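The following questions and answers examine a protein model step by step. Please keep the sequence and the model in view while reading.

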Amino acid sequence: MFYRFVLIVTMTAFATACSDPKAANEANFKIAIQKDLDTAFPRCYLVENFPAVVAEFGFGTNKATFKALENAGLLSEKQELHKTVGVWGNKEAVQPVFYLTEEGKKFYKADAGKTRLGEKAGGFCFGKATVKEITLFTEPADSSGVRMSQVTYKYTVSDFPAWAKLPEVLSVLTSLKSDIDSETTPIEGHAFLTLTNKGWVNAMPRMGR
């Protein structure tokens, strides 16, 4: 009877420790990092406003990128007369302009970020990241009154549209390759987790991306 009592107490204590969101363990760290990844994905692999005129002097997205997405069925090209401003003054010229197709609109998200020129823009966004394992974490320590732990983890990215894996698309959207390869070779990430009254959170930008 005594041993049964001890076993019940031990199991209860173990269950309580495992369910404590403030405990420093792999399960809680995995939850915190997954929440952070869920804010970063779907990821936007190309940020651009459409219709888009091909950049004449090397600023913004180049034509090869637009053509690859056109061949993938996301964009359509039209030749239109546009006024441009150059070092020799203003001029009008026929230039290629790319529009979103109905297929492209399925993956286009408004207010995805900013262009290279600092303008707000939408983008082609997709994918879901999933934490696979916590590979290493430091013992929690106090820093300026905050309890922190440095965590190393691995994650994969999935839910890619078929066109994202086309060689022509991968050649112009290079950031896609490591994410797609993560299905067989998980990506390593690093985070500084902070203990709050509700548990652990990633209070700093992810490292290693």
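Contact means that heavy atoms lie within 4.5 Å of one another. The model discussed here is predicted.

Q: Against which strands do the buried residues of helix 2 pack?
A: Helix 2 covers residues 26-40. Its buried residues are N28, F29, A32, I33, Q34, D36 and L37. These residues pack against strand 7 (128-137), strand 9 (146-158), strand 10 (187-196) and strand 11 (199-202).

Q: How many Å apart are the end C-alpha atoms of helix 2, and what span should its 15 residues have?
A: The expected span is 1.5 Å times one less than the number of residues. For the 15 residues of helix 2 the span should therefore be 21 Å, and this agrees with the distance between the end C-alpha atoms, 21 Å.

Q: Which residue caps the N-terminal end of helix 2?
A: A polar contact requires N or O atoms within 3.5 Å. A side-chain oxygen lies 3.3 Å from the backbone nitrogen of A27, and the residue that supplies this oxygen is N25.

Q: Within what arc do the buried residues of helix 3 fall?
A: In helix 3 (residues 63-71), the buried residues are T65, F66, A68 and L69. They line one face of the helix, because, seen down its axis, they fall within an arc of 160°.

Q: Is S182 buried or exposed?
A: S182 lies in the loop between helix 6 (175-181) and strand 10. Buried means under 20% relative accessible area. The relative accessible area of S182 is 0%, so S182 is buried.

Key
Residues are numbered from 1 along each chain as its sequence is written. This is a predicted model: local features need pLDDT of at least 70, side-chain atom pairs count only at pLDDT 80 or more; totals for chains, interfaces and linings use all residues. Side-chain values use heavy atoms; hydrogens and water are left out. Buried means under 20% relative accessible area, exposed over 50%, partly exposed in between (1.4 Å probe, protein chains only). Helices (H or I, at least four residues) and strands (E, at least two) are DSSP runs, numbered from the N terminus. The arc is that of the directions from the helix axis to the C-beta atoms. A polar contact is a pair of N or O atoms within 3.5 Å; within protein, one must be able to donate a hydrogen and the other to accept it, and residues adjacent in sequence count only if both atoms are side-chain atoms.
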